[in-house]
Amino acid sequence: MEEVAQLYRPSFLDPGRKTVYTAAMGLDQNQHEIRRCITKEYYHLTGSTVYAKKLQQEKDAAGITAIESATPTSKTARNISFLRFADHLLSNMDRLFAFYGFRTAKHRFNLYQGKQRAPEMMVNMLLNGGAKYNRKNRF
């Protein structure tokens, strides 16, 4: 057991519902470090919270929020309900296509990059501590 403590840094990882992971670092029962990454941190790392807030502001300014909230459900077995949905969508299609056109592609690509980068940053936080656990890495 001494060899393991000297050569390795044992870590015990627990995935959770409210946290992406919780990890206990070390073997000592009295003095071990607990590291965790909550889902709020994960969404911040991906950039999705900032993007969602900005997109909602743009939707409100363009009047898209009213169109989307008035859209009937497409998940129905009744023909009349589905025809209402199709009619509403076809009557507002030009405004929706104009809003969700090519100008949102850059933002969606940046969001995709954030989703690719976030797991690597979480692993770095787990293994090296990151800025959250090391004061000298903070800005």
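**Entry 1**

I started with Glu58, which counts as partly exposed at 24% relative accessibility. My scale here: buried is under 20% relative accessible area, exposed is over 50%, and partly exposed is in between, with a 1.4 Å probe and protein chains only. A note on the ground rules before going on: this is a predicted model, where local features need pLDDT of at least 70 and side-chain atom pairs count only at pLDDT 80 or more, while totals for chains, interfaces and linings use all residues. Residues are numbered from 1 along each chain as its sequence is written, and side-chain values use heavy atoms, with hydrogens and water left out.

Which residue forms a salt bridge with Glu58? I found Arg103, with the closest N and O atoms 3.7 Å apart. (A salt bridge is a side-chain nitrogen of Lys or Arg within 4 Å of a carboxyl oxygen of Asp or Glu.) This pair links distant parts of the chain, 45 residues apart: Glu58 is in helix H3 (residues 48-62), and Arg103 is in the loop between helix H6 (93-99) and helix H7 (105-128). Helices (H or I, at least four residues) and strands (E, at least two) are DSSP runs, numbered from the N terminus. Arg103 is partly exposed too, at 42% relative accessibility.

**Entry 1: the other salt bridge**

I counted 2 salt bridges in the structure. Is Lys59 buried or exposed? Lys59 is buried, with a relative accessible area of 13%, whereas Glu68 is partly exposed at 31%.

**Entry 2: the sheet**

Next I looked up the strands. There are 3 of them in an open sheet, ordered S1-S2-S3, with antiparallel pairing. (Two strands pair if DSSP finds at least two bridges between them.) S1 (11-14) and S3 (33-38) stand at the edges with a single partner strand each, so one side of each has no neighbour in the sheet. From one strand to the next, the twist averages 15°; axes are lines fitted to C-alpha atoms, for helices over the stretch in contact, and angles run from 0 to 180 degrees between N-to-C directions.

S1 and S2 pair over 4 bridges and form a hairpin with 4 residues between them. Between S2 (residues 19-25) and S3 I noted 6 bridges. In that pairing, Thr19 stands opposite Ile38, and Tyr21 stands opposite Cys37. Since 5 of the 7 residues of S2 are buried, S2 is largely enclosed by the rest of the structure. Helix H2 (residues 39-46) lies across S2 and S3, at about 60° to S3.

**Entry 3: Phe12**

Phe12 sits in strand S1, opposite Ala24 in S2. Phe12 is partly exposed, with a relative accessible area of 47%. I also found Phe12 in a nonpolar surface patch of about 510 Å², together with Val4, Leu7, Tyr8 and Leu27.

Helix H5 (residues 79-91) holds Ser91 and Ser81. Ser91 counts as exposed at 53% relative accessibility, while Ser81 counts as buried at 17%. What is Ser81 in contact with, leaving aside its neighbours within four places in sequence? I found Thr73 and Thr76, where contact means heavy atoms within 4.5 Å. For Ser91 I looked up a distance: its C-alpha atom is separated by 19 Å from that of Asp60, 31 residues apart along the chain.

How values were computed
Patches are made of residues with over 30% relative accessible area and no salt bridge: like charges are joined within 9 Å, nonpolar side chains (Val, Leu, Ile, Met, Phe, Trp, Tyr) within 5 Å. Accessible areas come from the Shrake-Rupley method with a 1.4 Å probe; for residues, only the protein chains shown count as cover.
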